[in-house]
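This briefing sets out selected features of the structure shown below. The points are grouped by topic.

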Amino acid sequence: MSQAAPLPDDPPPPQFRARGALLRRLADVVCLPSSRVNAFERSVTADLLIEVLREATPQDRTRVARRLSTLSEPPAQLARMLLRDELEVARPLLTDCETLCDAELLDCVHMGGPDHRKLVAQRKALREVVVEALVASGEIPAMEALVANREAHIGHAALEALVAISRDAPQLAAGLLRRPELRPAQAYVLFWWADAEARRTILQRFAVSREILQDAAGDIFPMAAAEGWQDPVSRKALQFIERRQRNRAAIEKSPFASLEAAVAAAQHGMTREIAEEISYLSGMKPMTGAKLFTDPGGEPLAILCKATGLPRAAIRALWRGLRRPETGPDGAVHPALDRVLVTYDMLAVDRAQTVLRYWNWSLSSALTPELLRAIRDGDESAAEEYSLPQRAAMLAFSGDFHKG
């Protein structure tokens with residue numbers, strides 16, 4: 001039995017010269033200056049051009065997109081159609097047309113593909129509403145391009161979202177730290193999952209002095225003392241501002257004569273009880289202390305020691321008590337310990353206190369039962385309902401709860 005002959009391939013579509021000529025003429029009219037064609041005429045022509053372009057080749061659509069990219073105000077529907085098209089068609093508009101409006105860019109973000117969003121993220125003078133849509137896409141390449149774009153305007157909400165995302169996308173951290181919009185509160189949160197180089201940058205750039213606050217609020221401390229420190233709002237704020245880091249009242253209740261004595265005991269083995277006493281004596285809540293002592297990098301130990309006036313040797317004592325390696329294979333100081341000692345040397349006392357106070361303020365005083373429940377459940381969807389320190393605590397602790 002003879003084998004059936006293969007079916008021929010579908011024939012190519014017929015090439016109509018009139019259609020090609022019409023496409024070019026319609027594009028000519030759409031691109032005429034406003035002195036030659038009014039807005040209504042341009043709009044009607046654009047509608048006709050859209051219908052012809054639906055059956056045009058990608059090369060023809062690309063040619064039209066290149067011509068439109070030179071216009072100061074391309075017809076909106078025509079621009080949207082081409083922006084939704086395959087990347088090579090949309091590229092001229094996304095890279096060369098500076099006058100696309102936010103509505104057109106948002107439509108491209110929502111209807112285009114990942115490569116479209118990456119090109120949008122690279123555009124000049126990108127406004128906050130488009131930035132937020134790009135961040136909401138959850139695509140890391142687009143966000144990398146966004147944080148590297150110095151002309152993008154990243155608002156507070158998008159910046160907080162990017163900081164949170166950087167926990168699982170560490171490649172965003174370096175770009176975020178170069179953003180002029182980043183604030184100390186956001187940098188102090190990012191610190192917990194940043195690498196050693198990023199942590200160094202955070203401490204050099206964002207560990208600010210509180211001197212101006214101390215001068216401004218100097219006369220308020222005696223007022224609050226006269227009221228018996230009964231107002232919790234002013235008490236927490238003044239605790240952040242005051243110069244003294246150590247908790248003198250805690251010494252009276254402590255089994256240790258001083259913070260130095262507690263650190264000396266810790267070097268023989270850090271127990272939960274000793275860690276809590278060091279936290280109290282240092283003016284921290286135990287939850288803050290636990291976060292510092294369990295941090296894998298170790299830099300928070302340097303911040304703790306510098307902020308409380310402990311000597312450099314106290315870092316080694318705490319290091320030993322936490323059973324961390326003190327020397328490397330060559331017998332020299334272990335690189336991690338050496339890095340922490342360098343961190344201690346580079347920090348001023350007041351700046352170290354600022355970082356430690358902020359951590360204590362956000363990681364402990366903000367942790368209400370409702371927030372703890374949200375952290376354990378991984379519910380970050382209602383973050384806007386919480387205050388700034390509460391959101392900082394949610395970000396800093398959520399990784400710990402998820403690991404547990």
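Helices (H or I, at least four residues) and strands (E, at least two) are taken as DSSP runs and numbered from the N terminus. The model is predicted, so local features need pLDDT of at least 70 and side-chain atom pairs count only at pLDDT 80 or more, while totals for chains, interfaces and linings use all residues. Residues are numbered from 1 along each chain as its sequence is written, and side-chain values use heavy atoms, with hydrogens and water left out.

**Overall architecture**
- The protein contains 26 helices and zero strands.
- Of its 404 residues, 47% count as buried, where buried means under 20% relative accessible area, exposed over 50% and partly exposed in between (1.4 Å probe, protein chains only).
- Contact means heavy atoms within 4.5 Å; among contacts between residues at least 6 apart in sequence, 63% join residues at least 24 apart.

**Two arginines**
- R61 belongs to helix α3 (residues 58-68), and it counts as buried because its relative accessibility is 11%.
- A polar atom of the R61 side chain lies 2.7 Å from the backbone oxygen of A56.
- Leaving aside residues up to four places away in sequence, R61 touches L53, A56, L82, D85, E86 and V89.
- R272 is part of helix α19 (residues 272-281) and, with 64% relative accessibility, counts as exposed.
- The C-alpha atoms of R272 and P286 are 9.3 Å apart in space, and the two residues are 14 residues apart in sequence.

**Packing of α6 and α8**
- Helix α6 (residues 102-111) packs with helix α8 (residues 128-136) at an angle of about 5°, their axes being 10 Å apart; axes are lines fitted to C-alpha atoms, for helices over the stretch in contact, and angles run from 0 to 180 degrees between N-to-C directions.
- The two helices are therefore roughly parallel to each other, a term for angles under 35 degrees.
- D102, L105, L106, V109 and H110 of α6 meet V129, V130, A133 and L134 of α8 in this contact.

**Buried residues of α9 and α16**
- In helix α9 (residues 140-148), the residues A142, M143, A145, L146 and V147 are buried.
- The cover over the buried residues of α9 includes α7 (114-121), α8, α10 (156-165) and α11 (173-177).
- Helix α16 (residues 232-241) has L238, F240 and I241 as its buried residues.
- Seen down the axis of α16, these buried residues fall within an arc of 150°, so they line one face of the helix; the arc is that of the directions from the helix axis to the C-beta atoms.

Terms used
Polar contact = N/O pair within 3.5 Å; in protein donor to acceptor, adjacent residues only side chain to side chain. Parallel < 35°, antiparallel > 145°, perpendicular 65-115°, else oblique.
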